[in-house]
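Hello,

Here is the structure I promised to pass on. Please have it open while you read my notes below.

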Amino acid sequence: GGTGRGSMTAAGIASLVIVGNQLSGGEAVVDGQIQCCGSDMDRRDRIEEGFAWLAGNFAITSNPGYGKDHLYYLYALERAGRLSGRRFVGEHDWYREGAKTLVRLQSATDGKFSSGQSTGGNENAETAFGVLFLAKGKRQLVISRLKHGVSSDWNHHSKAVQNLTAHTEAVWKRDLTWQNIDLQRTSLQDLLDTPVLLMSGTRVPAITAEQKELLKKY
């Protein structure tokens, strides 16, 4: 009932992703043919609205809309970003910016993380959130899905890459991650961070000459 908070918005996004994955019966039904059912579009729209709020109110050195729970917010941001495969929130590379902030906040003498913006001054919880952000947010990247154009045509079967990564993790017995990467804002170095780039859609992609050249270099 109050103003928006970064921690609650990020936690809400992550919860929608987790619960939606459990409730969904799958995005393709094989009954003589494959059907893109699109039954989770409302949930995906709500997730996008949440990320739009985070992008418009983005902060990394504090919890947006609230002067406490800083590292709890960072961990919630990590959950939302990683579970959705989103490297950027607005123009912000959330992991890189968050990692730099946490390194500055860590004590050089005993290793604890403390921002001075916690609830109740619980240094154990603060340190746990800092470790979780750093450990879970940065796994080896195995595949990226390319976001291209202005529509959602690039994102049919949104859980496909996530499921493929989970299967590969089980076979290789190592922690891996995936991401969606936006062709409109990516660089060659960003693309080179991933060994596999998946580009999909049902229509001819609207790609500029500059973007074509970028993909050729990759």
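Below are some notes on the cores and on one pair of helices.

This is a predicted model, in which local features need pLDDT of at least 70 and side-chain atom pairs count only at pLDDT 80 or more, while totals for chains, interfaces and linings use all residues. Residues are numbered from 1 along each chain as its sequence is written, and side-chain values use heavy atoms, with hydrogens and water left out.

The largest nonpolar core has 23 residues, and those touching the most other members are Phe51, Leu54, Phe58, Leu74, Leu77, Val89 and Trp94. (Such a core is a set of buried Ala, Val, Leu, Ile, Met, Phe, Trp, Tyr and Cys residues joined through side-chain atoms within 4.5 Å; buried means under 20% relative accessible area with a 1.4 Å probe, protein chains only.) At least two residues of this core come from each of α1 (6-23), α2 (41-56), α3 (70-83) and α4 (94-105), where helices are DSSP runs of H or I, at least four residues, numbered from the N terminus. The most come from α3, with seven residues.

Leu54 is in contact (heavy atoms within 4.5 Å) with Gly6, Thr9, Ala10, Ile13, Leu77 and Val89, leaving aside neighbours within four places in sequence. Another core, of six residues, lies apart from the largest one and includes Ile181, Leu183, Leu191 and Leu214.

Now the helix pair. The axes of α3 and α4 are 11 Å apart, at an angle of about 155° (lines fitted to C-alpha atoms over the stretch in contact, with angles from 0 to 180 degrees between N-to-C directions). The two helices are therefore roughly antiparallel, a term for angles over 145 degrees.

Best wishes

Key: Buried means under 20% relative accessible area, exposed over 50%, partly exposed in between (1.4 Å probe, protein chains only). Angles under 35 degrees count as roughly parallel, over 145 as roughly antiparallel, 65 to 115 as roughly perpendicular and the rest as oblique.
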